[in-house]
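Visitor: I would like to learn how to read a model like this one, feature by feature. Could you take me through some helices and a few backbone angles?

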Amino acid sequence: MPRPFRFGASLLTSAPADEWRARCRRAEELGYDVILVPDHLGMVAPFPALVAAAEATQRPRVGTFVLNAGFWNPTLLAREVTTTNDLSGGRLELGLGTGYVQAEHDTAGLPFGSPGERVDQLRRTVEELGRLLDAAKCRVPLLLGGNGDRMLRLTAEHADIAAFAGASLEPGSTTGKLAPVDAAEFGQRVARYREFAATRKEPAAELNLLIQLVAVTDDPASALRPLLDRRPDLTLEQVLDLPVMLVGTLDRITAKVRTLRERYGFSYLTVLEPYMEAFAPVAEELRREPVGATS
């Protein structure tokens, strides 16, 4: 039986207290199950933002999406996690990743390292943090995500939630510029994760997908024109086929989301703040399905 859908909204920009709380309440009003924040310089500071989000709302969980392991010492991170989980009434979900924006590390005066070194650091963080939280009797769901084999293996070993971005860093980019991967490569990465996860003893992880664009429209070509202009190698049909692009009529988008769950297992979708309002009717429509329905 497929998992029921969950939907998260990733809030990106800092704001004065009243405005921040109003945006969090709006996410709750729209029916989002999780209020999430990133971990990038120039955006919100994750933990105080989540405490404020929890204080402003009643139902949604709150989470990091995702913390850059290179910014955090595991011992100090454990303190932040336990305090935030306590202050949020046990509503915290912890997302961790390797970090991918070299310019942010340079600005902070922190080493960036090779992809392999960043995965090694993340593994050490996950394992040490797990020991510290176990000692503190603090159990929070762990979200991990990545694209390479080593990250997928780490995710299969440790994550309660396995996250996929459907995009990869453009070669040579130091500012974190991402490009969507095509549907074939995306499917291969999900299949590879399932290979690694086949032997895990714990319950199967929940699968999360970060949606890059939402546009409910009868004219998908116009909505996608900026992307098509940047990527002349892609046709309109190829872009519409990308799992991370939800563009078209409400019926078409809801059908695509159901297909993402049926084909790949994605039941937890995250949308970025600019698309929070646009995606809300999709989420409302999907919640109307009977429990256990697959189409």
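Guide: Let us begin with a term: a residue is called buried when its relative accessible area is under 20%, exposed when over 50%, and partly exposed in between, with a 1.4 Å probe and protein chains only. Helices (H or I, at least four residues) and strands (E, at least two) are DSSP runs, numbered from the N terminus. This is a predicted model, in which local features need pLDDT of at least 70 and side-chain atom pairs count only at pLDDT 80 or more, while totals for chains, interfaces and linings use all residues. Residues are numbered from 1 along each chain as its sequence is written, and side-chain values use heavy atoms, with hydrogens and water left out.

Visitor: Which residues of α11 are buried?

Guide: In general, an α-helix has 3.6 residues a turn, so residues three or four places apart point the same way. In α11 the buried residues are I253, T254, K256, V257, R258, L260, R261 and Y264.

Visitor: What span should the 15 residues of helix α11 have?

Guide: The expected span of a helix is 1.5 Å times one less than its number of residues. For helix α11 (residues 250-264) this gives 21 Å, and its end C-alpha atoms are 21 Å apart, in agreement with that expectation. Just after α11, G265 takes a positive phi of about 100°.

Visitor: How should I read a pair of packed helices, and at what angle do α3 and α5 cross?

Guide: Two packed helices are described by the angle between their axes and the distance between the axes. The axes are lines fitted to C-alpha atoms, for helices over the stretch in contact, and angles run from 0 to 180 degrees between N-to-C directions. Helix α3 (residues 74-87) and helix α5 (residues 115-135) have axes that come within 9 Å and cross at roughly 50°. That makes α3 oblique to α5, given that angles under 35 degrees count as roughly parallel, over 145 as roughly antiparallel, 65 to 115 as roughly perpendicular and the rest as oblique. The crossing of α3 and α5 is right-handed, a crossing being right-handed if the near helix is turned clockwise from the far one by less than a right angle, and left-handed if anticlockwise.

Visitor: Which residues of α3 and α5 meet?

Guide: Contact means heavy atoms within 4.5 Å. On the α3 side P74, T75, L77, A78, V81 and T82 take part, and they meet T125, E128, L129, L132 and L133 in α5. These residues divide into seven nonpolar, three polar and one charged, where Ala, Val, Leu, Ile, Met, Phe, Trp, Tyr, Cys and Pro count as nonpolar, Asp, Glu, Lys and Arg as charged, and the others, Gly among them, as polar.

Visitor: Where is K137, and what is its phi?

Guide: K137 is in the loop between α5 and β6 (142-145), and its phi is near 55°, a positive value in a residue other than glycine. K137 is exposed, with a relative accessible area of 77%.

Visitor: Which residues does a cis peptide bond join?

Guide: The cis peptide bond joins F65 and V66, with omega about -15°, and V66 is found in the loop between β3 (61-64) and β4 (67-68).
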